[in-house]
There are 2 protein chains.
Amino acid sequence: MNKQQNILIIGAGLCGSLLALRLGQRGYNVTVMEMRPDLRKVNISAGRSINLAFSDRGNKAMKLVGIEDKVKTLCIPMNGRMLHDIEGNTILAPYSGREHEFINSISRGELNALLLDEAEKHKNVTIHFNRKCKSVDFENTTATFKDYENNVEFIEDADAIFATDGAGSAMRKSYFLGKKFLFSFSQDYLTHGYKELSILPAENGGYKTYKNALHIWGRGDFMLIALPNLDGSFTVTLFLSFDEGEYNFNNLTTKERVLEFFGKYFKDALELMPNLVDDFFENPTSPLGTVKCSPWHYKGNTLLMGDAAHAIVPFYGQGMNASFEDVVEFDKVLDEHHQNWESVFKAYEKTRKKDTDAIADLAIDNFHEMKDHVNNAIFREKRNLEMALEKTFPNEYSSKYSLVTFNEDIGYRQAMLQGRAQDKAILNLLADKDININDDLKIILEKVKAATKNILEDDKIAGLK
Amino acid sequence: MNKQQNILIIGAGLCGSLLALRLGQRGYNVTVMEMRPDLRKVNISAGRSINLAFSDRGNKAMKLVGIEDKVKTLCIPMNGRMLHDIEGNTILAPYSGREHEFINSISRGELNALLLDEAEKHKNVTIHFNRKCKSVDFENTTATFKDYENNVEFIEDADAIFATDGAGSAMRKSYFLGKKFLFSFSQDYLTHGYKELSILPAENGGYKTYKNALHIWGRGDFMLIALPNLDGSFTVTLFLSFDEGEYNFNNLTTKERVLEFFGKYFKDALELMPNLVDDFFENPTSPLGTVKCSPWHYKGNTLLMGDAAHAIVPFYGQGMNASFEDVVEFDKVLDEHHQNWESVFKAYEKTRKKDTDAIADLAIDNFHEMKDHVNNAIFREKRNLEMALEKTFPNEYSSKYSLVTFNEDIGYRQAMLQGRAQDKAILNLLADKDININDDLKIILEKVKAATKNILEDDKIAGLK
């Protein structure tokens, strides 16, 4: 296709700035419109560093655009989950039995700034801030924006429009309200919301608790997690029901009650958070939602990407990684030499949607695993067994977590099908006492493989996915 | 609760008119607002009789309001599926191995008229037609209507509002657009749409093909079905992709092509439909969608029921039955003597939603079963086996279809879990040659029961539903 085409990208978040960089590298004329101010000039989050999990699928995209090394300097490796029980005892549960497999904590803001810098190095990429998209006329390939600097509305025309404007996408809303085609759409909220808190750096600038782990205080119906930042702090997140259970967001309304709740369930964390009450009442409580939709594109005019197409809950640490992988997958389709954008968009959605649907479902699975199963005896036994299998047979076994997180050449859907079957196989073998962690690992591996194969075959015969 | 309360029902379709009747019987002051003209006075469908499948769950509701006998006179029993192959050969595949178990074809219009007549017998029930709901102010328990007779908008106040205004519910739209609470919502369209056609009565007023069956011409990617009407006609429905495959709704644009398609795939049906081409181009092509949402209620002010809360695709013949069962379940909750509407609505949604979610998923399963599996050897073998089991052990075995359709005391979700496990058990026993239709049926029954139990237990251990 003609490289001189004018591409309009709505949204310069993580996905939009990566897409701008990649399409800039490919020679398109790219204009990006971002609603917020330039985060490199304005401290939007007012000192709060919001961090994300960055892993192999995300890194695949960094390799594609050639900034892997720069990104590495922003990363803090997390080798496993540090599980905190109610008495304050901790166990480090590794993410993989293979030592080179770990995930990273990374600052959203710093990574976004890097991507913007890299994109703007291309003369054919222009990024405008403070331009909010109001709606998209997908039939005419134009979008209406409001310029927050002068309050003027204007219309932008393009050969193709990419909306990477996040979970609340304006273009997706135009698809939904336009009723010009059959648009399947879902928004699903969990009963739980989240609130960000923080563990500040130690007085010497160091970390108040173990740096290289994702800390989890799983309590069955709710949980607290913490991820490290480069400055010695941790960003802490409380996941709690809005209105169910003895303690919930709706009834944690006083300082005393918040301290009582943390003192009872997160005693060791509370000791690290003298700032808890201020954080708790200053920071918002936000919902946790999953968005799926289809089609993502309207003819060859417009395409949804990233969270705009598939917003997921954060429990697999794959939200950003999935959006970055979108760009890699889209880039592959561009290499196929399609005749027009419609054909590109169709091919992209066909190959990609099954995988983003899968990671959405996996992320909800992991919500239950993190808050609940990590404390459950049989699930822990399974996890210990899997670590031993991965360590002893690094080329023959990967857990569901590893398939999703460290096997970036396997799609999310394939990882989900194989991973769920393995989980079911091991849990049932353990429950039936057909395997025991003290058995010969080679025999265990063969039994797990055979049982997994059976499960997949039985599902296939029954026409189940 | 105070029986003198003013209840506003939006929509006098099948669910709304049944609800008005029941709440009228219970003594509430009921006002119903219906968008369409009174179908007892105006022939809305212009001679086209649209029929529906009516079965035990629906009949449970008719018993509740005491009109079972009147409804029976409107019913045409259908004992099974009449399967038409591409050569025009037919096999009657019964719905159950128990002779007293069958479904019925019933006219939507006549049943709706009966329910309206019965509701209006109560002085405390008033039904207004030609009043279209524009929006609902769920915080103030008022609704805005437009009176089509004088084009005047007016606001109606009530103690509680029930929206039974169908798949395109105005109140559900107010929930969605209002953004006053977290509203989970999905609309999912199939790739297929449908078009209604007809087989007219024979010249002597009789039926041109076998009366007491649901006729199916399953062709893998698409299908035709036919249900009998009391006047000797059949309502025929074509289910076909909008844009995929050699023949689809988008490319069936000429008389010649429509005749070619029917001649090739539905030869025996075409012979009964000299009126095909006129029907095809006069009648609309409609989409097939599933709607789920939550919560159904806003505090104690408003409640969604029927298709407004859970629209499903038609392939299990359960849409109307599920909506009728809503009223039965709601009535049970009213018997529990709650203190206020909020408590009633909460209890109702808690008990009911899992079941309407299940029938939505089952209906999509059956789309694939009807168009595809009915022609598949192993699925047919399973079905034959199940008929034999039901016939020989009428109190010990019920197929998934029977659990859903004829076991009205079991919820849809329980029917789904048990039925899917049974299907998987039988298909795998057949594929592994562990059972054979010529074996002793008692042994087969025991093997099926044991395998089903194993599947349910394995899923439970793995934390699957």
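View 1. Two salt bridges are counted between the chains (a side-chain nitrogen of Lys or Arg within 4 Å of a carboxyl oxygen of Asp or Glu). Asp459(A) forms a salt bridge with Lys424(B), with the closest N and O atoms 2.5 Å apart.

The model is predicted: local features need pLDDT of at least 70, side-chain atom pairs count only at pLDDT 80 or more, and totals for chains, interfaces and linings use all residues. Residues are numbered from 1 along each chain as its sequence is written, chains are lettered from A and ligands numbered from 1 in the order in which they are written, and side-chain values use heavy atoms, with hydrogens and water left out.

**View 2. Area buried between chain B and chain A.** The buried area is about 2,100 Å², and carbon and sulfur atoms give 62% of this (accessible area, 1.4 Å probe, that two parts lose on being put together, summed over both). On the side of chain B, Leu182(B), Lys424(B) and Ile461(B) lose the most area to chain A, together 26% of what that side buries. In contact are 22 residues of chain B and 22 residues of chain A, where contact means heavy atoms within 4.5 Å.

**View 3. Strand 13 of chain A beside strand 13 of chain B.** The two strands, residues 184-199 in chain A, pair in the antiparallel sense over three bridges; strands are DSSP E runs of at least two residues, numbered from the N terminus, and two strands pair if DSSP finds at least two bridges between them. Ser186(A) has Ser186(B) as its bridge partner.

**View 4. An open sheet in chain A.** Six strands with mixed pairing follow the order 8-2-1-12-19-18. Strand 8 (125-128) and strand 18 (297-298) stand at the edges with a single partner strand each, so one side of each is left without a neighbour in the sheet. Strand 2 (residues 29-33) pairs with strand 8 in the parallel sense over four bridges, and Val30(A) stands opposite Val125(A) of strand 8.
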